[in-house]
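Me: I would like to learn how to read cavities and helix packing in a model, one feature at a time. Please give me the general idea first and then the case at hand.

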Amino acid sequence: MAIEEWKELENGDHGDLQNPLMPTQEEQQQNGSLQMLYLSTFVAVCGSFQFGSCVGYSAPAQAAIREDLNLSLSEYSMFGSILTIGAMFGAVTSGRIADYIGRKGAMRMSAYFCIIGWIAIYLSKESLSLDIGRVLTGYGIGVFSYVVPIFIAEIAPKNLRGRLTTLNQLLIVTGSSVAFLLGTIVTWRTLALSGLIPCTTLLVGLFFVPESPRWLAKVGQEKEFLSALQRLRGTNADISTEAAQIQNYIETMQSLPKTKLVDLLQRRYIRPLIIGVGLMVFQQFGGINGIGFFASETFASAGPSAGKIGTIAYACIQVPITVGGVILMDKSGRRPLIMVSAAGTSLGCFLAGASFFLKSHGLLLEFVPVLVVVGVLIFIAFFSIGMGAVPWVIMSEIFPINVKGIAGSIVVLVNWLGAWVVSFTFNFFMSWSSSGTFFIYSLISLMTILFVVKLVPETKGKTLEEIQASIDSQRDI
């Protein structure tokens, strides 16, 4: 695969170097007008922005909510962490829901859950209603975390799929940053109401965009399938070849027996399942949610001078670096990007671990605050450029459509379960050994590289059907 990519570069196939976020003139002529594609993607990533808003809400609201509602630290900790519990339930049901009521239907349902949750938080006068609202928003974003990248992957042409799917992660990061900054200037109740904006935008936008053509083909709505594909590719685009590929693939998949959970252990499905679950395990157990949730405390523990500077830099660095990942996604390919990202997160964790090791032994104490800030910032920068987005992109690409619902639900569930485990155990590990904690995360990042080299296929520039053929051929080797 790497040799083929190198030959493409030698032959002058450099992707979208001149204007990486927009199609070339040749692509524009081939695909017709892509305005509906971009509108559909924008509507979908409103769900991603909502995801980020929910994740970023608890940090700036903590002091005010505890004071207004007289919550103990344990009660507020429950409020913060229960989001992941709701998200796990959302993940378990997301695939089946998206298969039964469609990708648009699943996004619409998720938005309603989030709206009810935010209203419950806004009206809360005690911890119970606060927690109920948090669980409801968690359920909504649990479904969003599956259906948004799946929807984008299914509507996008192969030459734009990576970049457009990566917008999912970009809008998650943006939503979290906006919630954090907005929470410093408005009350916690007003901040909760602001969460209604992306939900309302999504609900309105869904009236104007088509359903996923692949889902329509799967459920036998042939006329609607062709209409949706034509709208997404432009009125003057020739969709006959792509439509035939999709229909042939759907017919092949539907000739197989209905998929059950145990069927995922079959040889044809086990490889993509291992890839999807493995990438999410390495993404989460590399420490992102522990380091992210407790970044301020981590900086402060290295020294008073590191706390404020590190926190501000951490908040500012994620969005521009994630934009870089969007640009690189379809230019460099998935495999190189995730391997470089994992190498960078390993280096960042090693530097942070080394700083705490020096502090514990009373060595070079004047360099400890700088070293931990640099280490954590290197970690988050390299995570944002690849490890944050690429696993979601690959998850949306590798599963056959007949198992995409149930397999995708498992992958998203593993992701949320990992997020809870890491965030819950981080402080315990730090009290055991701050340096040891970061060294463990560094080692896990190195293991990610080996996993990608051995198992993960390159999906850049391939249709979803071609990706399945590639995985099947590797399975037979």
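Reply: On a 1 Å grid over the protein atoms alone, a cavity is a set of points where a 1.4 Å probe fits but cannot get out, and its lining residues have an atom within 4 Å of a point. Grid points are joined across faces, edges and corners, and a volume is the space filled by probe spheres set on the points. This is a predicted model, in which local features need pLDDT of at least 70 and side-chain atom pairs count only at pLDDT 80 or more, while totals for chains, interfaces and linings use all residues. Residues are numbered from 1 along each chain as its sequence is written, and side-chain values use heavy atoms, with hydrogens and water left out.

Me: How many cavities of 30 Å³ or more does a search of the whole structure find?

Reply: The search finds two, and the second largest cavity holds about 40 Å³ of space.

Me: Which residues line the second largest cavity?

Reply: Its lining consists of Phe282, Gln283, Gly286, Thr345, Phe379, Phe383, Met387 and Ser445. Helices are DSSP runs (H or I, at least four residues) numbered from the N terminus, and helix 17 (368–387) and helix 12 (267–285) each supply at least two residues of this lining, with helix 17 giving the most, three residues. If Ala, Val, Leu, Ile, Met, Phe, Trp, Tyr, Cys and Pro count as nonpolar, Asp, Glu, Lys and Arg as charged, and the others, Gly among them, as polar, the lining divides into four nonpolar, four polar and no charged residues.

Me: How should I read a pair of packed helices?

Reply: Two packed helices are described by the angle between their axes and the distance between the axes. Axes are lines fitted to C-alpha atoms, for helices over the stretch in contact, and angles run from 0 to 180 degrees between N-to-C directions. Helix 4 (residues 73–123) packs against helix 19 (residues 404–432) at about 165 degrees, with the axes 8 Å apart, which makes the two roughly antiparallel (an angle over 145 degrees).

Me: What residue classes make up the contact of helix 4 with helix 19?

Reply: Taking contact as heavy atoms within 4.5 Å, this one has eleven nonpolar, six polar and four charged residues.

Me: At what angle do helix 3 and helix 8 pack?

Reply: Helix 3 (residues 35–69) and helix 8 (residues 196–205) pack at about 160 degrees, with their axes 8 Å apart, so helix 3 is roughly antiparallel to helix 8. Phe42, Val43, Ala44, Cys46, Gly47, Phe49 and Gln50 of helix 3 meet Pro198, Cys199, Thr201, Leu202 and Gly205 of helix 8, a contact with eight nonpolar, four polar and no charged residues.

Notes: Angles under 35 degrees count as roughly parallel, over 145 as roughly antiparallel, 65 to 115 as roughly perpendicular and the rest as oblique. On a 1 Å grid over the protein atoms alone, a cavity is a set of points where a 1.4 Å probe fits but cannot get out, and a pocket is an open set with protein on both sides within 12 Å along at least five of seven lines; lining residues have an atom within 4 Å of a point.
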